[in-house]
Amino acid sequence: MEENIQPTEENNNASGNDVAMVNDLYKTWFLDYASYVILERAVPAVEDGLKPVQRRIQHSMKEMDDGRFNKVANVIGQTMQYHPHGDASISEAIVGLGQKDLMIETQGNWGDVRTGDDAAAARYIEARLSKFALEIAFNAKTTQWQLSYDGRKREPVALPMKFPLLLAQGVEGIAVGLATKVLPHNFCELIQASIQYLKGRKFEIYPDFLTGGMIDVSNYNDGKRGGKVRVRARIVEFDKKTLLIKDVPFGVTTTSLMDSIVKANDSGKIKIKKIIDNTAKDVEIEVQLAPGISPDVTIDALYAFTDCEISISPNACVIVGDKPMFIGVSELLKISTDETMTLLGRELEIKLQELEESWMASSLEKIFIEKKIYRDIEDAESWEEVLSVIEKGLEPYIKKFKRAITRDDIVALTEIKIKRISKYDKKKADELIQGIEADIEQTEHDIVHLRDFAINYFENLLKKFGKGRERRTEIRTFDTIQVTAVAQANVKLYVNWSEGFIGTSLKKDEFAFDCSDLDNVIIFRKDGKMMVTKVAEKTFVGKDIIHIEIFKKNDERTTYNMAYVDGASGVAYVKRFQAGGVTRDKEYDLTKGDPKSKVLYFSSNANGEAEKVNVVLKPTANARIKVFDYDFTELEIKGRSSAGNQLTKYPVHKITFKEKGESTLSGIKIWFDAEVGRLNTDSKGQYLGSFSGEDRILAIYKDGNYEITNYELTNRYESKDVVSVEKFNPECIVSCLYFDADQKNYNMKRFKIETTTLGSKFLFIKEGEGNKLLLATTHPHPKVRLKVGKKKSDAVEYVSDLKLTCEIKGWRTVGTKVASDVLSAEWAMDVPQALPKTGELF
């Protein structure tokens with residue numbers, strides 16, 4: 001018979017207690033697990049910059065170190081005594097350390113971070129600690145130890161790291177609830193920054209990658225959360241039909257890069273004919289262009305649509321005092337440098353103690369032998385009597401010692417062998433003690449001047465290990481590539497203004513404009529709402545559309561001028577704003593928020609123009625002036641969420657456009673930004689002039705070529721390759737000075753540009769290996785200051801007017817010989833002509 005158990009208050013309480021207990025256990029277990037993963041697996045310690053597995057690998061390799069290479073399989077086995085998480089994690093970590101080429105010297109096939117090739121099996125590859133690692137990371141006397149996970153071994157709590165290793169190697173880890181990502185920095189620059197910090201000077205450090213490439217660090221934010229760097233592969237134009245990718249961005253392999261290019265081509269974002277991987281010692285990916293495709297536009301498209309450019313968001317998180325902390329890289333370097341100085345101080349104190357003990361032992365031995373105290377112990381009948389006799393013999397000399405004589409000191413004297421006593425050399429003993437005293441004096445000096453000692457330490461590191469570790473990633477400012485500038489306009493967009501539909505399939509409705517299927521469009525409605533959405537076949541964006549255009553991401557120039565009436569108060573407001581950052585398909589209210597608000601006037605201005613409008617109030621308005629003008633220049637550009645300024649409290653009948661804010665009839669004003677090597681209309685860099693119609697650009701290159709191009713903003717002029725970029729004047733005369741390697745002469749020439757082919761380069765100096773352009777200009781009155789002579793002491797310096805001394809000839813001519821020994825040359829347009837007494841050289 002089943003027992004019928006009725007629920008009681010006691011049972012209910014017990015059940016509730018069990019649930020509470022289980023909940024508490026889950027909370028505790030989760031926190032314990034999260035703490036374990038953060039502290040013991042994923043996040044590096046600030047003291048040595050290593051994760052536990054990396055530290056255990058380094059410690060194991062130090063235990064095995066005999067100067068020879070060890071099989072990585074053996075290293076893994078040794079490390080498993082300290083790391084309880086299996087061989088797979090150890091193998092992955094040791095390969096990562098080896099590929100960084102800093103702490104581990106490798107032998108065998110360790111893979112390639114550029115191509116993504118894996119390392120060979122652990123039984124086939126070998127490793128040993130690098131000389132650099134042995135120099136900076138190990139000192140048993142300054143290491144704090146702890147028991148390993150099973151209590152059988154001792155392992156370091158942290159290695160005594162005397163170098164900012166975390167910043168040099170970089171690190172990435174994902175824990176429970178947080179992640180860390182510290183980008184690698186340049187070896188030499190880190191040491192130089194540490195020296196600057198120790199000298200009390202400012203410093204800046206930026207990422208540097210073994211894969212090379214280029215990096216824009218303008219938003220690096222010191223490596224903290226919220227920062228971002230843009231990394232690009234280096235792409236060069238081999239010819240008008242071929243591009244060469246010369247390296248890969250950090251974290252990208254040649255395989256993944258080629259896959260992204262193929263994917264972009266298949267989706268119609270770029271047009272290429274063929275892609276070939278020629279990577280061997282150096283990265284080289286050949287991209288063959290489709291007929292009629294611009295190399296400059298394709299380079300932009302590769303950066304915009306493929307992994308040729310990537311963004312990386314750093315997130316520097318380290319363990320400080322058993323807690324994760326988010327710290328900038330500058331602060332990390334300061335902490336590391338301070339820790340290095342502390343360790344150096346401890347090493348010096350230990351060294352001083354050892355030297356003093358050595359001096360004590362040598363001094364005791366000198367007195368013990370020279371004063372023949374050893375003879376006094378011959379008659380001693382017991383061990384204690386022996387020690388007592390020696391102690392009594394040393395009493396007259398106690399004041400000479402730096403500390404009290406201990407029993408251990410006396411025992412050490414009894415252990416001196418007769419052979420050593422018989423061959424004792426007083427001169428050598430004195431020299432030894434003097435050497436120890438000199439070392440003690442130097443060590444004491446170093447302790448007092450510890451900062452100078454640390455600076456010298458870093459300088460020696462740089463001298464000893466810095467060769468071959470120069471910066472590989474070029475720091476540059478990148479231009480912002482607009483997708484619409486490099487993507488073809490392959491679709492037509494239609495709009496139904498009243499019903500609120502837009503799309504490429506609404507061919508019965510009104511045509512709006514041509515665009516790309518990759519574009520986003522921005523829509524403004526009568527009710528004061530704004531939305532950004534992607535071009536599609538058909539999309540409902542809300543009724544009563546008043547304006548639609550292509551949305552340009554990160555556009556800081558397009559400004560919208562708007563007047564609206566607030567539905568709640570009836571007051572009319574005016575505002576100027578930019579779209580700013582938006583979430584696609586999200587509505588943004590541009591009014592004060594009342595659903596009855598409506599737009600009275602709206603205009604879009606590509607360059608921030610502020611027009612004048614005419615305002616007409618309703619006839620029933622109580623205002624004395626019912627018609628007046630309003631100039632939008634009176635308004636500041638604010639955020640889109642701002643309410644704006646009050647236009648009038650009276651009801652408005654209509655607002656109409658009256659006058660443009662500025663004229664565009666003079667053409668497009670173009671600047672050349674040498675920092676990024678691009679033309680722009682944003683007033684960045686050198687102003688070239690106003691361009692229209694058949695106007696052209698003249699680019700003169702350092703290799704002795706010139707090129708005439710159109711003024712498309714997609715054109716590229718690498719700043720490191722060009723002498724000048726300017727508006728082309730068909731009547732201009734080019735003046736130049738170049739070195740003729742064949743004749744070992746310096747030649748000057750002046751010529752008028754006669755070619756008209758766009759996009760082709762023409763060599764205007766003598767063709768041949770070693771020929772080099774020194775100076776070039778289109779200045780109407782060129783003057784050059786030359787210093788001529790075999791030696792500086794014998795040099796003659798003068799200024800010559802080329803307009804008077806050099807005849808204008810064709811661009812193919814060799815030119816006129818100037819001299820064989822030109823020590824220096826520079827333009828001197830503002831200096832009167834001053835020829836040497838010996839006469840003209842031109």
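A helix crossing is called left-handed if the near helix is turned anticlockwise from the far one by less than a right angle, and right-handed if clockwise. Keep that in mind for the first stop. What you have here is a predicted model, where local features need pLDDT of at least 70, side-chain atom pairs count only at pLDDT 80 or more, and totals for chains, interfaces and linings use all residues. Residues are numbered from 1 along each chain as its sequence is written, and side-chain values use heavy atoms, with hydrogens and water left out.

Start with helix α2 (residues 52-64) and helix α3 (residues 72-79), whose axes come within 9 Å and cross at roughly 110 degrees. That makes α2 roughly perpendicular to α3 (the word covers 65 to 115 degrees; under 35 is roughly parallel, over 145 roughly antiparallel, and the rest oblique). Their crossing is right-handed. On the α2 side, the contact (heavy atoms within 4.5 Å) is made by Arg 56, Ile 57, Ser 60, Met 61, Glu 63 and Met 64, and on the α3 side by Asn 74, Val 75, Gln 78 and Thr 79. Sort the residues of this contact and you get four nonpolar, four polar and two charged (Ala, Val, Leu, Ile, Met, Phe, Trp, Tyr, Cys and Pro count as nonpolar, Asp, Glu, Lys and Arg as charged, and the others, Gly among them, as polar). Axes here are lines fitted to C-alpha atoms, for helices over the stretch in contact, with angles from 0 to 180 degrees between N-to-C directions. Helices (H or I, at least four residues) and strands (E, at least two) are DSSP runs, numbered from the N terminus.

Now for an open sheet of three strands, ordered β1-β3-β2 with antiparallel pairing (two strands pair if DSSP finds at least two bridges between them). β1 (70-71) and β2 (104-107) stand at the edges with a single partner strand each, so one side of each has no neighbour in the sheet. Two bridges join β1 to strand β3 (residues 126-129) in the antiparallel sense, and Lys 71 stands opposite Glu 126 in β3. Here α2 turns up again: α2 packs on the sheet, touching β1, β2 and β3, and its direction makes about 90 degrees with that of β3.

Further along, the axes of helix α7 (residues 187-198) and helix α10 (residues 329-370) come within 10 Å and cross at roughly 75 degrees. α7 and α10 are therefore roughly perpendicular to each other. The residues of their contact divide into six nonpolar, two polar and two charged.

Another open sheet has four strands in the order β14-β9-β8-β17, with mixed pairing. Its edge strands are β14 (309-312) and β17 (474-475), each pairing on one side only. Strand β9 (residues 229-232) runs antiparallel to β14 over four bridges, and Val 231 stands opposite Ile 310 in β14.
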